[in-house]
Amino acid sequence: MRIIIDVHSGCCNGVRKAISVAEDYLDEHGTLYSLGAIVHNDAEIRRLEQKGLRAVGYQDFHSLKGSTVLIRAHGEPPSTYRLAEASGVSLIDCTCPVVLALQKKIAAKYRELSSAGGQVIIFGKRGHAEVNGLVGQTDGHAVVVESMDDLEEKLLSGVIDPSRPLALFSQTTKDPEEFAAVAARLRQAASGLEVFDTICRNVSSRHKALREFAASCSVIIFVCGRESSNGKVLFELCRSVNPRSYKVESAEEIPAGIFRPDDIVGICGATSTTRWQLEKAASLVAGM
Ligand code: SF4
């Protein structure tokens, strides 16, 4: 049996940076609050909790006066910055530069379109932290489209009005093919549509590479947190080319008896999966 770790898997730049900033702060101060889970990855969260990281919510701000709260790579809406100021909380802003640029782009387009009666549409997961941050740039007016069915429903019900100027953006971690399909359908319906492919290159470049990697192995062990939406997309992509694909949250969940002596086992993960988790999975497989 051969075991290969996908060279393109592991945390993306934005998540890696947020974790490293948190660790540096914890080494110096011992405690740090993070607004929501710093990464959709329970094993990594447990490791950081042992160093003193505590996840908090908006409702906790009033009791955190004088404390420091980290904003994770997903970013936050403007209301969070106002809340922190009003609560006397200092922020360490780890919003990924790619997300920050997208927030600014959406805010500018919203200002431009508002005066022309237009609409901003965001292809993404409703309620996801990054999407909340993006919608916040439009004072809550952007329309979130989750899927093709959702788009059809919104066109039918008039929530999206194709006779108005429209601008389509994407959450950074969405599937490029799905985004292309949504853009094509909207183009068909609306003449005044601008499309901004804002999928992060860290993600879109992974799709092609991961598809090739999964197809070249006989078994895939995909390591990612249950809450990782990017993990769900990337795992489905693996499964579409390799039916012997298994998704596990930690190396210990790898099912027994699934390997054959001549297997090539590929180990890979989401943009929130750390390198140490991939290495641990590889060493566990080697001992099976
Ligand atoms: S996926 Fe891309 S945009 Fe999102 S946090 Fe990672 S590097 Fe930033």
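Two residues are in contact if their C-beta atoms, placed from the backbone, lie within 7 Å. Among contacts in the protein with a separation of 6 or more, 72% join residues 24 or more positions apart. The model is predicted: local features need pLDDT of at least 70, side-chain atom pairs count only at pLDDT 80 or more, and totals for chains, interfaces and linings use all residues. Residues are numbered from 1 along each chain as its sequence is written.

**Overall fold**
- The protein has ten helices and twelve strands, taken as DSSP runs numbered from the N terminus (helices H or I, at least four residues; strands E, at least two).
- Buried residues (20 or more other C-beta atoms within 10 Å of their own, C-beta atoms being placed from the backbone) make up 41% of the 288 residues.

**Strand β6**
- Five of the five residues of β6 (residues 119-123) are buried, so this strand is largely enclosed by the rest of the structure.
- Q119, I121 and F123 point one way from β6, while V120 and I122 point the other way.

**Neighbours of β6**
- β6 pairs with β8 (residues 166-170) in the parallel sense over five bridges; strands pair if DSSP finds at least two bridges between them.
- L166 in β8 is the bridge partner of Q119.
- Three bridges join β6 to β7 (residues 143-145), and these strands run parallel.
- I122 stands opposite V144 in β7.
- From β6 the chain crosses through helix α5 (residues 129-135) to β7 in a right-handed β-α-β crossover (clockwise from the first strand over the helix to the second, with the strands pointing away from the viewer).

Key:
Buried ≥ 20, exposed ≤ 12 C-beta atoms within 10 Å, placed from the backbone.
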